[in-house]
Amino acid sequence: MKNNRVALFITCLVDLFRPTVGFASIKLLEEAGCEVVVPRQQTCCGQPAYNTGDRADTISIAKQVIVEFEDYDYIIVPSGSCAGMISKHYPALFSQDSNWLDRANRLSKKTYELISFLTDIMGVDSVDSEFQGTVTYHDACSGLRELSIHDQPRRLLSSIDGLHLRELDDANVCCGFGGTFCVKYADISNRMVETKAEQVIATGADTLLAGDLGCLLNMAGKLQRDGVELNVRHVAEVLAGMADKPAIGVPSKD
Amino acid sequence: MTESIPSQFKENAVRQLADEDLRQALTKSKGHFTGGRQKSIDNLPEFEELRDKARDIKNHTIENLDFYLEAYEKKVLSSGGHVHWASTAKDAQEIVLNICQTVGATSVNKGKSMIGEECDINEALEAAGINAVETDLGEYIIQIRNERPSHIIAPAVHLTKAQVEESFRETHTHLDPERVLDEPPTLLEEARKVLRKKYFEAEVGITGANFLVAETGSSIIVTNEGNGDLSQLLPRVHIVLASIEKVVPNLEDASTLLRVLARSATGQEFSVYTTISTGPRRDEDLDGPEEYHVILLDNGRTSMLGTEFQDMLRCIRCGACMNHCPVYQSVGGHAYGWVYPGPMGAVLSPGLLGVDEAGHLPNASTFCGRCEEVCPVHIPLPKMMRHWREREFERHLTPNAYRKGIQLWSFIALRPNLYKRLTSFHIRILGWIGRRRGRFSSLPMAKGWTKYRDLPAPEGKTFQKQWSERS
């Protein structure tokens, strides 16, 4: 029996804005045979500081994550960009410090984005969920280009009865979120998300999915500002059969 | 000329975003470039291998730059040419003027050259009373419009056909108003007619160089119009304006780089013309210049050697990064405010101008990584943009509001208990206020966000709060 004690790195955005994604992640991981732990001393992976050029704070945050997560078999993240931060960028922070570099490298090797972990490591090739409708999928940049996540979510989505996937034009082009970019360069970000929204609408899908909450908040916010009735969800919600919850930015009925 | 500078990137971007012609022109060119590149590399199974090779060739050359530059210089001299070393753009201007004045030039033909742009050669020539004529169609168009190139290989890519037609009618006053000029071939024919005469009038031809070959002392240019050949062969004097990192060891290496260059740039297997020039005309040659000069420009490049920006010197100026950059495709090249736009400009411009002048450029990126993905020499552009942000942060050039905001967030992130206390309280309030509409159309602390989009409301309690209540 493999050791499948996985630590869920929840990510600050899911923690604060969309806990449903956290519960969906736990459900999917448990169904795949993992024992899921949510380490208590977790906050943020450090991307905001890292991408603002604040290396000292990034290093401190990375050390905190390494200490809290290094004892588990796997570290699973429901976000391509936060998973990429830990697995691709943490080692680069410690090139001058061999002790921390070793620890960062070890953590890096066992950190995975949720969906690709399910398919590539746990061998999941289908999910037992229901969904009625047409969805389209946006490939969030870090997951796609840093972690090669492309086929995995599509494969799992295709196993759901009643779900039709209609491909999005330029699905691999950035939605304009980019962390602090979307507020620092709001006008440019707007043009990018405007273009993305047009392409999403053109698919005729009723639901837009992606694997990164930052991008989802951006695209949902734009579609809703423009009065477009289209549900926006994290892909894990649909895979876990939790699409009965209100979509992102949609009020709950009760 | 409408001058825009890198420090005004934000203002430039807003102006460009409002330009409907620009939007139309960029939408049209985008698919042409990205689709063309994809098709051409799909047809070449060893493309990835070639990219690695191209990267290695450039790395090797840059690590031994002094050796290859000296070897190149020797070969140019032994083939009868002249080599001039220019530390700065100003030095390059003076050398060009000096050569032109020595031969009494009144008219100069220009092949397309970004180093020429970097050195403001046209302005320097005009100021000295010498007429400079751009012979590349795109360059010719922007010259008659008094603009700067907006792209390193497609200088007029920001213009629609209608805008070009309008400019032609304004400048080519001999045109019959009835004459149809609404298609590229007719525009080209018109430009050609005017330019043909000029080729024979010029005493000096200036071109850039895509590569300089140390083994043979040759300079190589690639063009699709043949204008480069006429510019450099017909006048009495040929000046090659090139930056020092253009040197490669030998012709074999140059051909490897040429194979990735055209595919990455325009999606062609090879450019229409690839011209190799070695020295001035020899006795047995039928044509060619009597004098052959090479100006080797540094202009800040050597200061990038040995730093985290050294990899940038691998760049072979194909333009693939900007063709695939969603920021460039939104604002166009002029927003960047200097010679080099897009991701390569966002890394190179701070290196050549200083990060205090060009600091916006490496910040205006979502780090989507598409530029690095398509770069034929694997330049880690996002990583280097981040290095520039680090330099800015160290020097307190990052705007104070962002600096303080990020430091406050980091302070909280480094104290998990404080984080949980603060977030479980504030998020619950925010979720409660937003529960009716599910989102906010304005929030005092999130104006940058809510200017253009709603902010989805938090679901309610934080995940960590809910989880701790369960277990």
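What percentage of the contacts in chain A with a separation of 6 or more comes from residues 24 or more positions apart? The legend to view 1 gives the value. The model is predicted: local features need pLDDT of at least 70, side-chain atom pairs count only at pLDDT 80 or more, and totals for chains, interfaces and linings use all residues. Residues are numbered from 1 along each chain as its sequence is written, and chains are lettered from A and ligands numbered from 1 in the order in which they are written.

**View 1. Contacts and burial in chain A.** Residues 24 or more positions apart make up 76% of the contacts in chain A with a separation of 6 or more (contact: C-beta atoms, placed from the backbone, within 7 Å). Of its 254 residues, 60% are buried (20 or more other C-beta atoms within 10 Å of the residue's own).

**View 2. Dimensions of chain A.** The C-alpha trace spans about 50 × 45 × 35 Å along its principal axes. Chain A has a radius of gyration of 18 Å, which agrees with the value near 18 Å for a compact globule of 254 residues (taken over C-alpha atoms; the rule is 2.2 Å times the number of residues to the power 0.38).

**View 3. An open sheet in chain B.** Four strands lie in the order 8-5-6-9, with mixed pairing (strands are DSSP runs of E, at least two residues, numbered from the N terminus; two strands pair if DSSP finds at least two bridges between them). Strand 8 (247–248) and strand 9 (273–277) of chain B are the edge strands, each pairing on one side only.

**View 4. Strands 5 and 8 of chain B.** Strand 5 (residues 211–213) runs parallel to strand 8, and two bridges join them. Val213(B) has Val248(B) in strand 8 as its bridge partner.

Terms used
Buried ≥ 20, exposed ≤ 12 C-beta atoms within 10 Å, placed from the backbone. Contact = placed C-beta atoms within 7 Å.
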